[in-house]
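Please walk me through this structure for someone who has not seen it before.

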Amino acid sequence: MNQEMDMKINHLPAKTWNWLRMNVSEVKQVRAEKEAACREELPAQITAKTLSREEADRTLRTVKTGMGPDMDLLAEKSGFGIRSFETLPGAETEPLYLSYSYENGDRALNLVDLAARRDSRMTVIMDYSSDQKAEGLCAVRTRLLAEENALLRLVQIDRLGSGMLCLNDVGAWCGENARIEIVHIFLGGGAVYQGCRTELSGNGSSLQADIGYLLEGSQRLDMNYNAVHLGKKTDSETNASGVLKGEAFKLFRGTIDFQKGSAEAVGAEKEDVLLLDDGVVNQTIPLILCAEEDVKGSHGASIGQLDEEALFYMQARGLSEEAVYALMARARIEAVCQKIPDERTRRLVRERLGGEAEDECE
């Protein structure tokens, strides 16, 4: 696909005041020319194949993603195949590693479908990396399917260069008593757009989403997380924790959508943001939509600067102000890092943060 496309992504499911300019984000002149190189480490009991859009849509056509229709249109125009991975029913597998590498100037789009079949356990680690000065496009659309009683864990790590535009789009569907666990860690990229939409369709299905980010300089992170409760006694929990430094910008849209029929559902969101400089911009939209009476929804946020007493305490023990800030920033990322069910991947995050201690992220 060599034609550039202007995209509107990360739509709020219900619009707020237009003057806030948070209902949707626009990305100009997006062009995907190739698929990024990917190193696959495929465990036993997971099958892999490349499907056409028509073949893939027979299974996952109804799975909507967080960024919205324009990401699907980009995928359709590209003509690229969809890389599909699925477990056998009842299988419990070792992690599937998908490592995407980007050269300077790459403008790449990859399409991935993951299916955890009935009663299976599936863990997928997706890592995006490039040279620290690389420029280009990293676009990845990932669709998830967790069938009855299945568990699907998805970990996505952004270690991209400062000139990279990253469009990371996720859509998930969860069947009866199934569970999806998502970990997102953003440590790179010049501008990162993250969409994530999960349909808790089956009764008793659940979602756990944990997000960690460290933004500095002029980095931008634009997020849209939407937990859609359809089945009875469904449960969702979304936790975001991050640090803003320099002139970094962050927008977090977090929606809990209780639709008709989701009686006894529970949804919770929590955000913890540390602001290290006066030039940062932090925006948050917590949104709870409710079309069902017997549900529980909550949102909590802790946003502010480092406590003066804590800063004085650590400086009195020989730490400089800069070292204190670095320590606090690392602590937030490492708290999310503990959610990663894989030591090898935790080590990648630790290396990016510059950590050397053996017990970090454990």
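The side chains of R117 and E147 are joined by a polar contact of 2.7 Å. The model in which this contact is found is a predicted one. R117 belongs to the loop between β7 and β8, the latter covering residues 121-130. Is R117 buried or exposed? Its relative accessibility is 14%, and buried means under 20%, so R117 counts as buried. Leaving out residues up to four places away in sequence, R117 touches T59, E86, T87, L88, P89, L145, E147 and A150.

The next subject is the sheet. Nine strands make up an open sheet with mixed pairing, and their order is β4-β5-β7-β9-β11-β13-β15-β17-β19. The edges are formed by β4 (46-51) and β19 (281-290), each of which pairs on one side only. From one strand to the next, the twist averages 10°. Strands of a sheet pair through backbone hydrogen bonds, in either a parallel or an antiparallel sense. For β17 (residues 249-258) and β19 the sense is parallel, over 10 bridges. Within this pair, L251 stands opposite Q283 of β19.

A helix also packs on the sheet: α1, residues 53-60, touches β4, β5 (82-87), β7 (107-116) and β9 (135-146). The direction of α1 makes about 45° with that of β9.

In soluble globular proteins, nonpolar side chains tend to be buried together. Here the largest nonpolar core has 51 residues, and the members that touch the most others are Y102 and L114. Strand β11 (residues 163-174) supplies the largest share of this core, five residues. Another core, of 22 residues, lies apart from it and includes L109, L111, A139 and L165. Which residues does Y102 contact, leaving aside its neighbours within four places in sequence? They are A36, A108, N110, Y128, S129, S130, D131, L137, C138, V140, L160 and M164.

The last stop is helix α5, residues 343-353. Its buried residues are T345, R346, V349, R350 and L353. Why do the buried residues of α5 line one face of the helix? Seen down the axis of α5, they fall within an arc of 145°, so they line one face. An α-helix has 3.6 residues a turn, so residues three or four places apart point the same way. After α5 comes G354, with a positive phi near 85°.

Methods: Residues numbered from 1 in each chain as written. Predicted model: local features only at pLDDT ≥ 70, side-chain atom pairs only at ≥ 80, totals over all residues. Heavy atoms only, no water. Buried < 20%, exposed > 50% of the residue type's maximum accessible area, 1.4 Å probe, protein only. Helix = DSSP H or I, 4+ residues; strand = E, 2+ residues; numbered from the N terminus. Arc of directions from axis to C-beta. Pairing = 2+ DSSP bridges. Axes fitted to C-alpha atoms, helices over the stretch in contact; angles between N-to-C directions. Contact = heavy atoms within 4.5 Å. Polar contact = N/O pair within 3.5 Å; in protein donor to acceptor, adjacent residues only side chain to side chain. Core = buried A, V, L, I, M, F, W, Y, C linked by side-chain atoms within 4.5 Å.
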